Amino acid sequence: MKRFAFLALALLAASPLAAQGRGPKRYDVTPDRAVVVTKDVLVHQGYDVVRVETVGNDQVVWYRRGNMGRGRGKGPLVRMVIRRDPVQNKVVFLETPGLLLTAIEARLK
């Protein structure tokens, strides 16, 4: 019972620390520029951009991994969301892998 109480106390103490994060990073570029840079980075890293959709304030980029010449077919469709914040006129990338986000961030600067 003591172990459960300690675990519950530890989880309760850690939850406010996790909530103090600043959230996703915002970039001061237009959504069109963000899409162009994203497509360029994806193609450069060996991905195929299947389509780009506009859904409200969001740009949804659908991409998949290319077969890289190994004959194993292409990867599953994956989506990346580029959301425009109407209040601050900034762009936020959602559902983006860390390595791709780092490359995109380097190109946006």
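The predicted model contains an open sheet of 5 strands in the order β1-β5-β4-β3-β2, with antiparallel pairing, where strands are DSSP runs (E, at least two residues) numbered from the N terminus and two strands pair if DSSP finds at least two bridges between them. The edge strands, each of which pairs on one side only, are β1 (26-27) and β2 (47-55). Because the model is predicted, local features need pLDDT of at least 70 and side-chain atom pairs count only at pLDDT 80 or more, whereas totals for chains, interfaces and linings use all residues. Residues are numbered from 1 along each chain as its sequence is written, and side-chain values use heavy atoms, with hydrogens and water left out.

Within the sheet, β3 and β4 pair in the antiparallel sense over 6 bridges, and D58 has R83 in β4 as its bridge partner. Strand β4 (residues 78-85) is in turn joined by 5 bridges to strand β5 (residues 90-94), the two running antiparallel; here R84 has V91 in β5 as its bridge partner, while D85 stands opposite K90 in β5. The hairpin of β4 and β5 has 4 residues between the strands, and N89 takes a positive phi near 55° in this hairpin.

Helix α2 (residues 31-44) lies across β2, β3 (58-65), β4 and β5 and runs at about 160° to β2. Helices are DSSP runs (H or I) of at least four residues, contact means heavy atoms within 4.5 Å, and axes are lines fitted to C-alpha atoms, for helices over the stretch in contact, with angles running from 0 to 180 degrees between N-to-C directions.
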